Amino acid sequence: MSRTAPDPEALLSVRDLEVTFGSGDRVVHAVNGISYDLAPGETLGIVGESGCGKSVSSLAIMRLLPKPAARVRSGSVILEGQDLLDLSDEEMRRIRGDQMAMIFQDPMTSLNPVLPIERQLTEVLETHRKLKRSGAVDRAVELLELVGIPAAKNRLRDYPHQFSGGMRQRVMIAIALACDPQLLIADEPTTALDVTIQAQILELMRTAVTERGTALILITHDLGVVAGMAQRINVMYAGHIVERATTDELYGRPRHPYTVGLLRSIPRLDEGRGELVPIQGQPPDLSRQIIGCPFADRCFNVLDRCREEMPPLEQAPSAADEHLVACWNPAEGERLVPSGFESELAS
Amino acid sequence: MTAEATIPASAAGASSEPLLRTDTLRVHFPITEGILFERRVGAVRAVDGVSLEVRRGETLGLVGESGCGKSTFARAVIRLVDATEGSIHFDGTDVTRLTGDPLRRMRRRMQMIFQDPYASLNPRMTIGSMLAEPLRVHGLAKGEQAMKRARELIEIVGLPRNALNRYPHEFSGGQRQRAGIARALAVQPEFIAADEAVSALDVSIQAQIVNLLSQLQSEFNLTYLFIAHDLSVVRHISDRIAVMYLGEVVELSPSRELYERPLHPYTVALVSAVPIPDPKVESKRKRMILRGDVPSPANPPSGCRFHTRCWLRRELGDPERCTVETPELRQLAPEHGVACHFAEELAGNERRDQLVTAAAAHSNVRDTDADEPAKPTGASAAPASDPDSFFPGDVSHH
């Protein structure tokens, strides 16, 4: 996959993206050569645990990595035929907020606390759409109504702290959608919210991207959230994409032992009290050089070869089209039933 | 660790005195105005009349959204905040007003795992000395023996061996939470209140800790009050679950029944909002999306506190009873209590499905309140918020 040319049909093509932090003795390899395509209007889920590189790779796409701490070592990020990594900061600013936008986990820290939300909404419209002040305000009201903020006109002069968490996230979504971007990246957009508010926000995002044909990259640690949102999922581990498949295929027939492990380790509300099967051990230290597969030490299917050579992300044997897995010894892909579940039913 | 072992010997304990019992417990935090002469202008009714029992060896789960009072309830039973009214009995003793030495002795028996380990770990103590300290203070172990136990503890919670000589800031958030868990376990308490103890952990690590908590429970006959906003985790670990809303328990049920037969409209909405990690299930589920945010606990709605967001009330044509009469927690099935005047409507599976389907359909079209102008069609599926509801700290926009 990594050597294939960018798909001309794709909205976004990421190729061999590699990001490191630090320098000298301590270099953290946060993203280790990932490649994927995103079709226009597609919702892609990126799942993985803390430190797997899911946020860092997306910040790299947005060109929002902290400088000089982070370095994009290699790769390309092609949005509509244009490599974003080649652009100057000034050129990038013209694209960000216009063709692509991002929503973060904590709207309290991503909204400006000393500006009323009106200014934060109109700013993006005046910058990218060259709207005049009054036009921008009208559009801001429309956007707030679109994201379900009641009495939108009366709330324009309010500051972020005057909104609840869910309402703040709605404001963030309104800002992100202001210029009708083709690509929206949402990094844990509902993690800080209560579950009933999460349901509201997810429903809102689902509707907004479907209606506008916006492509969405949804980054989350929550396998439940992506199950109902994404058409395709990338599973990341230690800076690599270790599995990539359609959502049904990934949950139905997971092939990478890490994906299998993740699905076995989460309790499900709709199932019995079977035992959780945790993944043993902890993720590797990314400041050390890892030879072979980074998951080898925690893997139930490990072979000698796994410790010598990193497996490429390739079509999984006897799987549906475009089910890619980076594993020398993938799981069989049986539908998972949590162990202990049958015994509970029998009791 | 077998599945059976996670179901503790609560059957044996059911007939005897519960380990912990609260009776109409209230915790109100005063709201004051003025600087020198503080005038009391109101109160945040964080916990408002909660009567619960935690039986020996069981896990009682406590769920609800931010601000529902679940953490305050835990802090009150551990005696970290004082009860405003009501009583707390631990092992038959009234501990509501205990002070001094008796309180200290009791504290060894009840420990807490906090939500934010960074705030609860001393930044100037190594993990090793932090784990050894309570052992020394309570006379359980000292010197080399205490360090041996500390080594055991960090291994149990999955910290690297060299953690003993390191400080909290050297760890990730997840690892710090493990240290907090190790510290609570150090004095071998009988009762542990775990407040969002696994919420900060990654799923693979979370499963390790959840299994560990279950394993320790059967090994030492521990009793847990397990608080989390993640209903899946709570259901997994708990024998019974209490659902809180705005300081009150609205439903108390065996954990299996809470998903299969929720009786309170709030529980129905809560359960339907929890995403299930299975696209086949997700695509078929009916989503019951609640409108608005939780009202302020400083000024809770009259009657049933849930009535401002209640979908069942709307389906039933806004009966007046909900706004004037506070529903009591009443037993509708064995071990299954609910505080809703109209819970019978939800008792039958068929009728419940019917109501949920109708309400789910309405929640898609009725996105705004009746007194607001209609929105452009683009927003039709976006649920709107009740403009009357706001969070504590939120300034009303009227």
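**Helix packing and aromatic contacts in a predicted model**

Let me begin with two helices of chain A, where Ile117(A), Glu118(A), Arg119(A), Leu121(A), Thr122(A), Leu125(A) and Glu126(A) in α4(A) make contact with Arg133(A), Ala136(A), Val137(A), Arg139(A), Ala140(A), Leu143(A) and Leu144(A) in α5(A). Please keep in mind throughout that what we are looking at is a predicted model. Helix α4 of chain A covers residues 117-129 and helix α5 of chain A covers residues 133-146, and the two pack at an angle of about 115°, with 9 Å between their axes. Angles from 65 to 115 degrees count as roughly perpendicular, and α4(A) and α5(A) are therefore described in that way, as roughly perpendicular to each other. As for handedness, the crossing of α4(A) and α5(A) is right-handed.

I turn now to the aromatic rings, for which the count over all chains comes to seven pairs. In one of them, the ring centres of Tyr258(A) and Phe295(A) are 5.3 Å apart and the ring planes stand at 70°, so this pair is edge-to-face. Because Tyr258(A) belongs to helix α11 (residues 257-265) of chain A, while Phe295(A) sits in the loop between α11 and β11 (314-315) of chain A, the pair ties together parts that are 37 residues apart in sequence. Tyr258(A) and Phe295(A) are both buried, and together with Tyr237(A) they form one aromatic cluster.

In chain B, the rings of Phe90(B) and Phe191(B) have planes at 70° and centres 6.1 Å apart, so here too we have an edge-to-face pair. This pair links distant parts of the chain, since Phe90(B) is in strand β4 (residues 85-90) of chain B and Phe191(B) is in strand β7 (residues 191-195) of chain B, 101 residues apart. Phe90(B), at 1% relative accessibility, counts as buried, and Phe191(B), with a relative accessible area of 0%, is buried as well.

Next come the arginines of chain A. The charged end of Arg155(A) sits over the ring of Phe163(A), 4.0 Å from the ring centre, and Arg264(A) lies over the face of Phe300(A), at 5.7 Å from the centre of that ring.

Finally, is Arg232(A) buried or exposed? At 15% relative accessibility, Arg232(A) counts as buried, because the cut-off for buried is under 20%. Arg232(A) lies in strand β9 (residues 232-237) of chain A, and, if we leave aside neighbours within four places in sequence, its contacts are Glu42(A), Thr43(A), Leu44(A), Gly45(A), Arg244(A), Ala245(A), Thr246(A), Thr247(A) and Glu322(A).

Technical notes: Residues numbered from 1 in each chain as written. Chains lettered and ligands numbered in written order. Predicted model: local features only at pLDDT ≥ 70, side-chain atom pairs only at ≥ 80, totals over all residues. Heavy atoms only, no water. Phe/Tyr/Trp six-rings, centres within 6.5 Å; stacked < 30°, edge-to-face > 60°. Helix = DSSP H or I, 4+ residues; strand = E, 2+ residues; numbered from the N terminus. Buried < 20%, exposed > 50% of the residue type's maximum accessible area, 1.4 Å probe, protein only. Lys NZ or Arg CZ within 6 Å of the ring centre and 35° of its normal. Contact = heavy atoms within 4.5 Å. Axes fitted to C-alpha atoms, helices over the stretch in contact; angles between N-to-C directions. Parallel < 35°, antiparallel > 145°, perpendicular 65-115°, else oblique. Left-handed = near helix turned anticlockwise from the far one by under 90°.
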